[in-house]
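Work through the exercises below with the model open. Each task is followed by a solution in steps.

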Amino acid sequence: MSVSVSWTARRLTAAAAAAGALVAMAALPASAADHAPHAGPHSTHRQGVTISGVHLDNGDRAHHVARALNTEWVEITNNSRRDVNLDGWTLADEHGHTYTFRHYRLDGRATVRVHTGYGHDTRRDLYQDRRVSVWDRHDTATLRNDHHRFVDAVSWGGDRHRDGRHRGDHRR
């Protein structure tokens, strides 16, 4: 009889622990879930602000053509529910070409494309106003916040991936 009492006590203890864990998870505020650390470089669900895509121009002859420069972009996505003020954040390549976000707030669950060329900034499209291509065939896009802290990076075009990710539309 002591064996069945011990087994029952263990089952009840395990059930109580599981119920307590469920209650604790339900009590977490939504903001804590939105600011959880990244699940890892190969994760399909990432939290916070990330570089979600890259598109390079289609040829060397278009290197200086304004229309081609606007087909070269890096996409930034806010995966959280809260708006994020990107004022002072930077997007840079490996050679130090840097774009600084000015007076821009990225809505929750929204994406913005940062184009290389000239254009009129909107909620969905920002322009670096450059006359030449920024992104190389082998490059890394690095996003930093207004305190110069690393937020995200994506590399393409070789085996030199710093964080193991090879994402986005990397055609050239």
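**Exercise 1: Arg109**

Arg109 is exposed, at a relative accessible area of 53%. This structure is a predicted model.

Task: State where Arg109 is placed and what its phi is.

Solution. Step 1: Arg109 lies in the loop between E6 and strand E7 (110–115). Step 2: its phi is positive, about 55°, although Arg109 is not a glycine. Step 3: most residues other than glycine have a negative phi. Step 4: exposed requires over 50% relative accessible area, so Arg109 with 53% counts as exposed.

**Exercise 2: His103**

Task: Decide whether His103 is buried or exposed, and locate it.

Solution. Step 1: His103 sits in the loop between strand E5 (98–100) and strand E6 (105–106). Step 2: its relative accessibility is 72%, so His103 counts as exposed. Step 3: His103 is not a glycine, yet its phi is positive at about 50°.

**Exercise 3: The chain and its confidence**

Task: Describe the order of elements in the chain and find stretches where pLDDT is below 50.

Solution. Step 1: the chain has 3 helices and 10 strands. Step 2: from the N terminus, the order is α-α-β-α-β-β-β-β-β-β-β-β-β. Step 3: the mean pLDDT of the chain is 75, with 61% of residues at 70 or more. Step 4: residues 1–5 stay under 50 and have 0 contacts beyond four places in sequence. Step 5: residues 18–45 are also below 50, but this stretch has 21 contacts beyond near neighbours in sequence.

Methods. Residues numbered from 1 in each chain as written. Predicted model: local features only at pLDDT ≥ 70, side-chain atom pairs only at ≥ 80, totals over all residues. Heavy atoms only, no water. pLDDT = per-residue confidence, 0-100. Contact = heavy atoms within 4.5 Å. Helix = DSSP H or I, 4+ residues; strand = E, 2+ residues; numbered from the N terminus. Buried < 20%, exposed > 50% of the residue type's maximum accessible area, 1.4 Å probe, protein only.
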